[in-house]
Amino acid sequence: MPTLVIVESPTKARTIRNYLPADYQVEASMGHIRDLPQSASEIPAQVKGEKWSQLGVNVEANFEPLYVVPKDKKKVVKDLKAALKQASELVLATDEDREGESISWHLLQVLDPKVPAKRMVFHEITKEAIQEALHQRRDVDQQLVRAQETRRILDRLVGYTLSPLLWKKIAFGLSAGRVQSVAVRLLVSRERQRRAFRKGSYWDLKAALEQAQHPFEARLVSLAEKRLATGSDFDEATGQIIAGRNLVLLNEAEARELQNRLTDKPWNVTALDERPVTRKPSAPFTTSTLQQEANRKLRLSARETMRTAQNLYEQGFITYMRTDSVHLSQQAITAARTCVEQKYGKDYLSPQPRQYTTKSKGAQEAHEAIRPAGSTFRTPQHTGLQGRELALYDLIWKRTVATQMAEARQTQITVQLQVEDAGFRATGKRIDFAGFFRAYVEGSDDPEAAIENQEVILPPLKVGDTPTCRALEAIGHETQPPARYTEASLVKTLESEGIGRPSTYASIIGTIIDRGYAQMVGNALAPTFTAFAVTTLLEKHFPDLVDTGFTARMEQTLDEISTGEVNWLPYLRDFYLGESGLETQVREQDSQIDPGEARTVELANLTARVRIGRFGPYIEAEDEAGPVTASLPKDVNPGDLDPEQIEILLRQKTEGPEKLGLHPETGEPIYLLIGTYGPYVQLGDVSDDNPKPKRTSLPKGVAIENVTLDMAVSLLSLPRLLGVHPETGSKVQVGLGRFGPYVVHNQGQAGKDYRSLKASDDLFTVSLERALELLAEPKSRRGRASKSKQPLRELGAHPQDAEPVNIYDGPYGPYVKHGKTNVSLPEGQPAEDLTLEAALELLATKESTKKSGGSSTQTTKRASQSTSRATKSSSRSTKKGTSSSSRSRKA
């Protein structure tokens, strides 16, 4: 009889199968096989009448969790039980962290094996690691299981107790979470700082100098022996110099006057300082630092990074990707040092093997940093990987190899120059030995280019030299508001504050965006008006739950539960049922919270009020006739809303849209309006005969005040015919779409071929010849545009037509595709856990929606989710329900 080995995913099963004896059978649990109920339909009938059943936790009976096997996991459980009947032994080989331990425990509880059962853990899927793990099997660690269960219960209590209060007081579908709400507050606090920011301005001089025919630059740093003001000298709240600072602040007139006075005056070198500096390579990647660097270098979201890393781990390319540790095994150090010697030579090898120490108190996820798997590291070029997987593996490989390279040696050079009473400074940097820079420079894609960019070479100078000034320029500066958080900087802040666990950050940030608490503006996270309303309510009525210190202490207690230092049950009782417990707080505060006040967002320097309505945020102001309201465009953020925008929106509502003029050919009026998705121009009036007049959005970057009648006429002429394609005779047009300006080769039934215009191309003047050049270029992949796109998972053949049913990664999350039917995965459903049977149900629901028009709430939700690929915000506005902060299992 075979030994049954259970792992989380089919990919992991396929990889591990290669390293096990022939009599071992490997099956996948598809992540968790049971969990707390996700909806009322999953609650067993015998407990549905209990008041605690909606929580899924019996708070009256020692916080006993109510576990259920979801409908889409029943067949998985049935198949595993059947396989177990034929087995002589059960080996649970789920991931080595708390979540993996929890999955193994649940498998034991549900399968109830009558044969010996053991736990097997490993941090990489290689032959050596699997063989070693086979000989070191153990029992399930009950302490780790209890710690994970406590986190799950705690997250459920917070989410399912607070979220209904938010539905009642602000808007249905909102969610609160133990870590999620603190992260949202960080975004809101930064946005408040941006609103409170007052701009300051200052001027200085830049000199272009030359010594022995070698040019260099110097900046004004002092005047009459007083330091010159810089951006750091300004108070962000006033835009003025911080009180008590003895310095010189130049305005434009003074700077230009000084420029004229110093022109043609002699320059002297008064001091020169050369200081050697060494740089050590950064530690190997942890979960947090991998997410940060992948966001900076590869522009991957935390969710995309973890999904890609999961794939690399399960295919045996890297070690386990959920870890707080920066430790490298001796095997890894040897492999990295071999790579350095082979690729860069002995001179670039660190004199001694370099080891790093983990600083994080809660470092418990795994025992080693993220690195290439195995006793020898495959170079990126020899992996056969492509796309994101290759890019992320390359990042991990370089970072790991760099840890065993020699330090970079640099010389910092500072030259002080004097011209009359003005002091200037020139700074230079010389790289004496590149060391680990040859392999890895943090934040840079190209190490060689980064080395070149880091060097600032100054000519040979000594005290008493008199360089020649070729040009002197007065330059104005303005202080900038605090930068919004990016995913990288938010992850860094959460980790440094001890909030949550790095393994949960990807799902937390994803939830924040999915729930409409933030939207991406470039690479930054901009909180929405809803985020402001929710944060304000929680700050006022539940301050501890959004306090970073309180949440960090909670995290520390949860770690202490995992080590046995703290008893889980008294902690949960005190947190939830104590005199000042969460249940008591919610009950007492419910009557204290006025819904009208909770839905109002107060913003400094605005007389109008912002309210959260059923269909999104809107502004409300008073005029002679009474209150006037106007919807806010979806791309307007609280930090950017100003009185001018409000005035335009309200005037459009009270006086009608701004009329730019009449169309020169049709004589119809052309209006400039602001709608839900931003400003646009409209041809003609809305009437019974013309219910949908032609409308065109303004191109990105075009300000409302710069729109002219001629520009509006040109926009309304889009898509514009450029001519016919010489090879097909089909139309070639230029237009403006969701992703910006484009050209399209319209071949009728043969399809349409699109290309985006480049930054240097003009939407209104692009020629047919230029369009043909663009169409001849290879098509870049965006979202699902490429027909050759590889699926995330292949689920199998559809029973009706044998066509493949696959999961793909779309711009707004994973989706199932069968033929021409696409359907988004339900909220909270990991792509790795979805079975073919569950996918067929989703597809059937989508097909019935097409036929019936969608009568049920659930059908509407799924239809709306699938439409999200066309309208991102539409998807987000229909997502409902609560979420917890616990990590979804990435199988």
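How many of the 13 residues of helix α9 are buried? Eleven of the 13 are buried, so that α9 is mostly covered, where buried means under 20% relative accessible area, exposed over 50% and partly exposed in between (1.4 Å probe, protein chains only). The model is predicted: local features need pLDDT of at least 70 and side-chain atom pairs count only at pLDDT 80 or more, whereas totals for chains, interfaces and linings use all residues. Residues are numbered from 1 along each chain as its sequence is written, and side-chain values use heavy atoms, with hydrogens and water left out.

**Figure 1. Helix α9 and the glycine that follows.** Helix α9 spans residues 302-314; helices (H or I, at least four residues) and strands (E, at least two) are DSSP runs, numbered from the N terminus. From the first C-alpha to the last, the 13 residues of α9 reach 18 Å, close to the 18 Å expected at 1.5 Å a residue. The expected span is 1.5 Å times one less than the number of residues. Among the buried residues of α9 are Met306, Arg307, Gln310, Asn311, Leu312 and Tyr313. Gly316 follows α9 and has a positive phi, near 85°.

**Figure 2. Helix α14, a mostly covered element.** Helix α14 (residues 502-514) has 13 residues and covers 19 Å between its first and last C-alpha, close to the expected 18 Å. Twelve of the 13 residues of α14 are buried, including Pro502, Tyr505, Ile508, Ile509, Ile512, Ile513 and Asp514. Gly516 follows α14, with a positive phi near 80°.

**Figure 3. Packing of helix α10 on helix α11.** Helices α10 (residues 330-343) and α11 (residues 387-402) pack at an angle of about 90°, and their axes are 8 Å apart. Axes are lines fitted to C-alpha atoms, for helices over the stretch in contact, and angles run from 0 to 180 degrees between N-to-C directions. The angle makes α10 roughly perpendicular to α11; this term applies from 65 to 115 degrees, while angles under 35 count as roughly parallel, over 145 as roughly antiparallel and the rest as oblique. Ala336, Cys339, Val340 and Lys343 of α10 meet Trp397, Thr400 and Val401 of α11, contact being defined as heavy atoms within 4.5 Å. Of the residues in this contact, five are nonpolar, one is polar and one is charged. Here Ala, Val, Leu, Ile, Met, Phe, Trp, Tyr, Cys and Pro count as nonpolar, Asp, Glu, Lys and Arg as charged, and the others, Gly among them, as polar.

**Figure 4. Two cysteines in a structure without disulfides.** A search of the whole structure finds zero disulfides, a disulfide being a pair of cysteine sulfur atoms within 2.5 Å. Cys339 is buried, with a relative accessible area of 8%. Cys469 is partly exposed, at 29% relative accessibility.

Figure 5. Most residues other than glycine have a negative phi, and most peptide bonds are trans. Gln213, although not a glycine, has a positive phi of about 65°; Gln213 is placed in the loop between β7 (201-211) and β8 (214-223) and is exposed, with a relative accessible area of 71%. Glu420 likewise has a positive phi, of about 55°. Glu420 belongs to the loop between β11 (408-419) and β12 (422-433) and is partly exposed at 42% relative accessibility. A cis peptide bond joins Leu718 and Pro719, with omega about -5°. Pro719 is in the loop between α21 (709-716) and β24 (720-724).

Figure 6. Ser29 is in the loop between β2 (24-28) and β3 (57-58) and is buried, with a relative accessible area of 0%. Ser29 and Asp833 are 804 residues apart in sequence and 8.2 Å apart in space, C-alpha to C-alpha. Leaving aside neighbours within four places in sequence, the contacts of Ser29 include Ile6, Val7, Lys73, Val76 and Ile103. Arg793 lies in strand β28 (residues 793-797) and is buried at 15% relative accessible area. Not counting residues up to four places away in sequence, Arg793 touches residues including Pro10, Met30, Asn806, Glu832 and Asp833.

Figure 7. Gly639 occupies the loop between β19 (626-631) and α20 (643-655) and is buried, at 18% relative accessibility. Gly639 and Arg194 are separated by 445 residues in sequence and by 6.1 Å in space, C-alpha to C-alpha. Gly639 touches Glu191 and Arg195, not counting residues up to four places away in sequence.
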